[in-house]
Amino acid sequence: MSHALARGLLSAALLTPATTFAADDAEIAELRTMLNQMKNDYERRIADLEARLERAERAASQPPPTAPMPAESLPMAAPVVHAAPQSPPTGGLGALTSGTAFNPQISVILDGNYYHDGIDGRGATLVGEAFRPGRTLHAHEEETDSAHAHGMTGNGFNLRSAEIAFSATVDPYFDAFTYLAIDGDGNVDLEEAYFRTRSLPYGLKVKGGKFLSDFGYINRQHPHQWDFVDQNLPYLNLLGDHGLQDTGLQLTWLPELPFYALLGVEALQGDQEVFGATLSETEQVELSLGDTEDGPRLWTAFAKVAPELPDNHALQLGISYAHADQHQAVLAHEHATEAEGDEVGAHEDAQAPDIEPHETGLAGDAALWGIDLVYKYSGDGPHGQGDLVFQTEYLRLIQDLQVRASPHPEDIGARPSFTTDGLYAQATYGFAPKWTAGLRYDVLGLTTNQVRDTLSEDFGSSDRWTLALTWNLSEFSRLRAQYARNDILVEPGERERFDAFYLQFLMSLGAHGAHPF
Amino acid sequence: MSQPSASLIREPGDPGPDGLQSRPAIQTKRAWSRAPRHLARVLAALLALAAAPALALDVIATAPSLGALARAVAGDRAHLKVLAPPDRDLHRLQAKPSMMRDLRAADLVLALGAELESGWLPVAISNAANPKILPGRPGYFEAAAQVDLLDAGGRADRSLGDVHPLGNPHLDLDPVRMARVGRALAERLASIDPAGADAYRRGAQSFAAQVEERIAGWSRRLAGAPGAVLYHRDAVYLLERFGVPLLGTIEPIPGVPPTGRQLSELANRLKGGKGIILYAPYQSPQAPRTLARELGWQARALPLEPPANADGSGYLDHIGRWVDALAVAP
């Protein structure tokens, strides 16, 4: 207050003579600059004095002079305990506690959308059910009936998820992470809950718990990290809605080399819905598939390499392999549509209505190969302008199964092999500050979508073009519009072609997240 | 129950229940366990030999200014690598595999800190699988933790933009604070590599002396400088050091570009005064140029960081360029 008063007095004292003499413009300008200088000088001194006073007060209010902190470093993002002198002194409380400083970092990400497609909202589910031979579709139908926890997207407004993330350093040996996803209906899904070692030597790291596998590139990303609203066709159809997410252990090794190379293996339980799926006990008995074996039943190995490139460029190549020791499938077919009267007549249950589905039970193992490439260029514009990301992955699934149960007894013991591959390629470019445009092409059955038995049959592919426009208002909020042209193979010889449109919002609350490459 | 079993009370050397002497068995076992240790020693010796020419510490700096400081303090005793190019925004960098490769073998990481690098450095460090450089260990050094920060203690409310209640992290434009950071760095280097303690302290001392030497001249040049408009509060440490008034920021709040109205309000407020408009190369030039046109001032893009290969005097030349810009404002 004295500050303002002093300033007022000073300007009054200086301004009065200046106006009375009514000097010429040049003089006035000169006086004004002098005045400004004096004012600045004065303000500076007052600020100095205030700062000194504040320092003196702070020193007086802190009984023991705390040791100077130079020797310590502030952890980057964790709450900082020794920043406490900034907060009001705890003198009156009578107890010193670390309060909330040990709480994990918490963040919440809200992910909602408006969706519309030309086929009554079935499109968002359909893209994950593109036809490939050897897939158990029957399980999906059941799930649909019981309001499955994936937060089905339909025409209109959808809240896909509120994802809650906790992370903290447990002790000198471990970090731990937990990610919960709550969908629009309130169903809670534990996406990840794992620990990771901090202190192993030789570039080794062990991760354990439930986590997203490091198979491929996009598998590890949570939906809010994707550059498009929805997952690509190969991942959706070969690995399912959650990708390769399982419980187990991971070991990675980052050797000291002149370039980046990461090698890793995982042993996973194999509780999967799509790749390495096992069926319910009743089905296992009915279709003589055998019990679910002891875990771990799913194994992965991956290698990622990044060459040294000039500043602002980054490239990573990866190759991944996953093997499911046990995979069970049940395939249903209806003879009514085939209308092969003589064959139907050969059945014992010929009296049954023709629409009765015939179930074939298959058991065996499954293997998945993946190749990925990611290139990123960091542009020199403001807020991501000029940034370019190109990303592509190829997946190939091979299921070697044996027929264990069939209404056609002659088929039992046959060993069909089902192979489906897929690819996606996408690019995003920051065309203006805070704005990116993305283009994606994804296809299931790029070269192969076949069953090979005594004879082989190829069923063709499903594919899609997607355009996305993303507005990153800040580091914490993002809006996106997306349009896709879908051509999905629903049944052999039967296609659905439709347009799908999304408007999405992503809001990030709480701790400032960091994302790996 | 009443009599303990023979094997439990057996003395070493007594024949075991199967009639074998247990002592030789133990000795064989010991010999076996020694073998890998010998092997490890031989390997370690080989590794030491292989590493002998590269006696220098592997130091990774996030910002070129910290790289320059480390060169000034450690000289040839450190093998230095700077992660961020000088013309990119340190806050918006992305973790890249090559960073993890560099961090994997690092003895020391230098960060500006106070959450400036929080979008990429923690994840890069965590994925580098190098326990030496984890925050809290001697191999992790944050400049912001060595000096007092400006703008600290603000409200943690993101409606005020991308705020950092820990304090303004851009302390590297203040040569005096950097000299202080240099001394702390010398102590840290000395604790990691005691053999070089004297060299590090000498390096920090001579850097501080260089700063001292030039600061008087800079103060003289900047006495009465009319002030500057910045895009973001990133050069406030420099302005505060030399008492140059900050006339305004183009962003109304951190991380949020101005609207046309906010810009014209700023122009109206500054009309008739003198000053210069300074912005970093990665900040949008439109708003600064518009403001410059309206005020008849000069708008200049100046990097916040010295060139990536700068040493101590390279850093001081960089400060010199800022001083020149602030001093010559019409």
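This is a predicted model: local features need pLDDT of at least 70, side-chain atom pairs count only at pLDDT 80 or more; totals for chains, interfaces and linings use all residues.
## A β-α-β unit in chain B

Strand 1 of chain B, helix 3 (residues 64-74) of chain B and strand 2 of chain B together form a right-handed β-α-β unit. Within the unit, strand 1 (residues 57-61) of chain B and strand 2 of chain B are paired in the parallel sense, and five bridges join them. Two of the pairings can be named: A61(B) stands opposite V82(B) in strand 2 of chain B, and D58(B) has H79(B) in strand 2 of chain B as its bridge partner.

## The open sheet of chain B

The two strands belong to an open sheet of four strands in chain B, which has the order 2-1-3-4 and parallel pairing. Strand 2 and strand 4 (140-142) of chain B are at the edges, where each has a single partner strand, so one side of each is left without a neighbour in the sheet. On average, and with direction ignored, neighbouring strands of this sheet are turned by 20 degrees against each other.

Helix 3 of chain B packs on this sheet, where it touches strand 1, strand 2 and strand 3 (108-111) of chain B, and the direction of the helix makes about 170 degrees with that of strand 2 of chain B.

## Helices of chain B

The secondary structure of chain B as a whole comprises eleven helices and eight strands, and 46% of its 330 residues count as buried. Of the contacts in chain B between residues at least 6 apart in sequence, 63% join residues that are at least 24 apart.

How do helix 7 and helix 11 of chain B lie, and at what angle do their axes cross? The axes of helix 7 (residues 197-222) of chain B and helix 11 (residues 312-327) of chain B come within 11 Å and cross at roughly 10 degrees. Because angles under 35 degrees count as roughly parallel, helix 7 of chain B is roughly parallel to helix 11 of chain B. From helix 7 of chain B, the residues F207(B), Q210(B), R214(B), W218(B), R221(B) and L222(B) take part in the contact, and they meet G312(B), S313(B), L316(B), V323(B), L326(B) and A327(B) of helix 11 of chain B. By class, the residues of this contact between helix 7 and helix 11 of chain B are seven nonpolar, three polar and two charged.

## Where chain B touches chain A

The contact between the chains takes 49 residues from chain B and 42 residues from chain A. On the side of chain B that touches chain A, helix 4 (97-104), helix 5 (121-127) and strand 4 of chain B each supply at least two residues, and the largest share, five residues, comes from helix 4 of chain B. This side of chain B is made up of 25 nonpolar, 14 polar and ten charged residues.

Helix 4 of chain B is also largely enclosed by the rest of the structure, because eight of its eight residues are buried. The buried residues of helix 4 of chain B are P97(B), S98(B), M99(B), M100(B), R101(B), D102(B), L103(B) and R104(B).

Chain A has eight helices and 17 strands, and buried residues account for 31% of its 517 residues. Among the contacts in chain A with a separation of 6 or more, 64% are between residues 24 or more positions apart.

Strand 6 (residues 245-253) of chain A and strand 7 of chain A form a hairpin with six residues between them, and the two strands pair in the antiparallel sense over six bridges. Strand 7 of chain A also pairs with strand 8 (residues 298-306) of chain A, again in the antiparallel sense, over nine bridges. In strand 7 of chain A, L263(A) is the bridge partner of W253(A), while A261(A) has V305(A) in strand 8 of chain A as its bridge partner.

The covered face of strand 7 (residues 260-268) of chain A holds Y260(A), L262(A), G264(A), E266(A) and L268(A), and the uncovered face holds A261(A), L263(A), V265(A) and A267(A).

Terms used: Residues are numbered from 1 along each chain as its sequence is written. Chains are lettered from A and ligands numbered from 1 in the order in which they are written. A residue is buried if 20 or more other C-beta atoms lie within 10 Å of its own, exposed if 12 or fewer, and partly exposed in between; C-beta atoms are placed from the backbone. Two residues are in contact if their C-beta atoms, placed from the backbone, lie within 7 Å. Two strands pair if DSSP finds at least two bridges between them. A crossover is right-handed if, with the strands pointing away from the viewer, the path from the first strand over the helix to the second runs clockwise. Axes are lines fitted to C-alpha atoms, for helices over the stretch in contact, and angles run from 0 to 180 degrees between N-to-C directions. Ala, Val, Leu, Ile, Met, Phe, Trp, Tyr, Cys and Pro count as nonpolar, Asp, Glu, Lys and Arg as charged, and the others, Gly among them, as polar. Angles under 35 degrees count as roughly parallel, over 145 as roughly antiparallel, 65 to 115 as roughly perpendicular and the rest as oblique.
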